[in-house]
Every structure is written in C-alpha cells, then in structure tokens.
Amino acid sequence: MRILLVEDDDMIGEAVRLGLRKQGMTVDWARDGAAARAALGAESFDLMLLDLGLPKLDGLQVLRWLRNTGSTMPVLILTARDSVEARIQGLDAGADDYILKPFDLDELAARMRAVLRRQAGRAENLIEHEGITLDPASHAVTRDGAPIRLSHREFALLHALLEHPGHVLSRAQLEERLYGWGEEIESNAVEVHIHNLRKKLGNEVIQNVRGVGYRVRSMA
Ligand code: CA
C-alpha cells in the first residue's frame, strides 16, 4: 500500500508517517501543494492523505487538479475541527472522507481501509481469492483456513496483487508499493518476495507473465 501524505506540519507529518509505516504501508511525504502535485503527476499511489492549509498550492487546489486529470484515487482530508466550510468544499471537490485533527492513528488507518474498500467495491474488509484470505486490518493471511506468516513486504506485495485479480503488475509497479522515496531498492527484491510467497502459498497462486510482470489468477 503506497500512500501520499501531504502535510506541512512537521509534527503531524512525522507522527502519521511513522504510524502508517508500522502498519506496513509505504508513505511518501510532500510538505506543500506544489510538491504534492509533482508527485501525483509522476507516480502512482493507492491513497492520498491531504491537509487543506498548505504552502504554494492549497489542498483544495491540489484536489481539484487531481480530479480534473480523471483520477479516482481515494483522498482523505486531514482537517481542523473549526473548518466546516473547508470540509464541505473538500468533499464537494472530490474527497472521499475526512478526519478531524487531532486524530487517533488507529482511527485514521481504519478510515483509510474503509475508503479503499469502497473503492474496490467490497462491503467487507476481508479480501478472499481462491482459498486465500487477506485481512488488511489485522494483516492476517490464511490459505484454506490455515494461518500463513508473511513479512511486511511479502504482505504488501500479496495485497497489491489481490486488490486486482487478473491484473498484471510490473516489477516497477510492485517496487513502488514496497519502497518510499529515498529508500534503497534491493536488487531482485520483488523476485525474492514472490519466490517466498509461492513457497508459502503454493506455486500456482502468483503467475509470472513473461516480460510484463506478475498477477494472481482471475476467477472469471
Ligand atoms: Ca497545514
């Protein structure tokens, strides 16, 4: 799960980044609206956490720009309690939800999961696919009912693939899910994690599409 955090307050930004990393998410942090827009134009994210009062471009401008590009990426606004007007404008401009500052990190993570779940068209949190279940909240994974232990990065890879069964993700797209800005990418990391996932889940679960990338079989 790769998140773009847009926040100019150092304390809040650092706390959110650390908290979400502990949950196994990859977090990139933009400190102003122009940096956010540049990041959105260059890379893909699963969700954006967006402060409204920002230097250079404010959050609403970033959001309107994003929606004008046709992006349906989930956006959750981080906002102060007294700014009802701004929250309404944010929702009208295409935000999916908001959370009031100061917020609890566990609640933030739960709201993020809810928004992502709606985006994926699921009423349930649990992702199920051909005998495998993955719970984004508890990070529990089972195969035919038996618990499977995965590392953070193995979990992140499997999560990315299970979100869109049948859809091929390239090695570069999978690396984006695993590594944030400035993190050194270990060579062959994706191959190593895929290899370990196959050992744990069975060889047939993740398919290699030669020269393109990886996917889990579609049930269709
Ligand atoms: Ca701010």
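Here's a quick rundown of the voids, the calcium site and the ring contacts in this predicted model. Residues are numbered from 1 along each chain as its sequence is written, and side-chain values use heavy atoms, with hydrogens and water left out. As the model is predicted, local features need pLDDT of at least 70 and side-chain atom pairs count only at pLDDT 80 or more, while totals for chains, interfaces and linings use all residues.

**Cavity**

- On a 1 Å grid over the protein atoms alone, a cavity is a set of points where a 1.4 Å probe fits but cannot get out, a pocket is an open set with protein on both sides within 12 Å along at least five of seven lines, and lining residues have an atom within 4 Å of a point.
- Grid points are joined across faces, edges and corners, and a volume is the space filled by probe spheres set on the points.
- The cavity has 15 lining residues, with Met-1, Met-25, Arg-113, Pro-136 and His-159 nearest its centre.
- α5 (105-119) and α6 (152-163) each give two or more residues to that lining, and α6 gives the most, with four; helices (H or I, at least four residues) and strands (E, at least two) are DSSP runs, numbered from the N terminus.

- The largest pocket comes in at about 530 Å³.
- Of its 24 lining residues, Ser-44, Phe-45, Asp-46, His-164 and Arg-177 sit closest to the centre.
- α5, α6 and α7 (171-178) each supply two or more residues to this pocket's lining, with α6 giving the most at four.
- The second largest pocket holds about 160 Å³ of space, and its lining includes Arg-21, Met-25, His-152, Arg-177 and Glu-183.
- α6 also provides the largest share of the second largest pocket's lining, three residues.

**Calcium site**

- Asp-8 (OD), Asp-51 (OD) and Gly-53 (O) coordinate the calcium ion at 2.1 to 2.4 Å.
- Donors here are N, O and S atoms within 2.8 Å of the metal (3.2 Å for Na, K and Ca); water is not among the atoms, so sites may look incomplete.
- Along the chain, the donor spacing reads D-x42-D-x1-G.
- Asp-8, in the loop between β1 (2-6) and α1 (10-22), and Gly-53, in the loop between β3 (47-51) and α3 (59-68), are 45 residues apart.

**Ring contacts**

- Arg-31 lies over the face of Trp-29, 3.6 Å from the ring centre; the rule wants NZ of Lys or CZ of Arg within 6 Å of the ring centre and within 35 degrees of the ring normal.
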